[in-house]
Amino acid sequence: MAIIVQTKELAQTIVASVVAGVGVTLVFSIAIWGAARFVDLNRSQRPVAAGAAAALGAVALAVTLATGVVGIVVMTSK
């Protein structure tokens with residue numbers, strides 16, 4: 001009897017895409033939050049906290065871009 005659908009691989013693909021979609025969205029939202037907090041804290045004359053928020057936003061943005069690059073590399077290598 002032939003196997004029409006390989007359920008194990010299908011389940012792995014579904015779980016990986018849900019985790020990646022939610023993860024990238026969460027990390028990008030942290031980048032947006034860091035940028036917004038930077039602006040607010042900078043206006044409130046709190047440079048140390050503003051710098052920390054900017055650093056968090058920059059790291060989150062870098063992680064978001066890195067996940068995009070990794071995704072492209074994985075897609076082109078298979």
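At 66% relative accessibility, Gln45 counts as exposed. That residue sits in the loop between α1 and α2 (47-77), in what is a predicted model.

- Gln45 has a phi near 60 degrees, which is a positive value in a residue other than glycine.
- Gln45 gets the exposed label because its 66% relative accessibility is over the 50% cut-off.

**Helix α1**
- With 37 residues, α1 reaches 54 Å from its first C-alpha to its last. That's close to the 54 Å you'd expect at 1.5 Å a residue.
- Which residues of α1 are buried? They are Ala31, Gly34 and Leu41.
- As for what sits against them, the buried residues of α1 pack against α2.
- A general point on helix geometry: an α-helix has 3.6 residues a turn, so residues three or four places apart point the same way.

**The nonpolar patch**
- Ile4, Val5, Leu10, Ile14, Val18 and Val22 make a nonpolar surface patch of about 610 Å².
- One of the patch residues, Val5, lies in the segment before α1 (7-43).
- Is Val5 buried, exposed or partly exposed? Val5 is partly exposed, because its relative accessible area of 47% falls between the 20% and 50% cut-offs.
- Val5 can count towards the patch because its 47% is over the 30% relative accessible area that patch residues need.

Technical notes. Residues numbered from 1 in each chain as written. Predicted model: local features only at pLDDT ≥ 70, side-chain atom pairs only at ≥ 80, totals over all residues. Heavy atoms only, no water. Patch = residues over 30% accessible without salt bridge, like charges linked within 9 Å, V, L, I, M, F, W, Y side chains within 5 Å. Areas by Shrake-Rupley, 256 points an atom, 1.4 Å probe, with all protein chains shown as cover. Salt bridge = Lys/Arg side-chain N within 4 Å of Asp/Glu carboxyl O. Helix = DSSP H or I, 4+ residues; strand = E, 2+ residues; numbered from the N terminus. Buried < 20%, exposed > 50% of the residue type's maximum accessible area, 1.4 Å probe, protein only. Expected span 1.5 Å × (residues − 1). Contact = heavy atoms within 4.5 Å.
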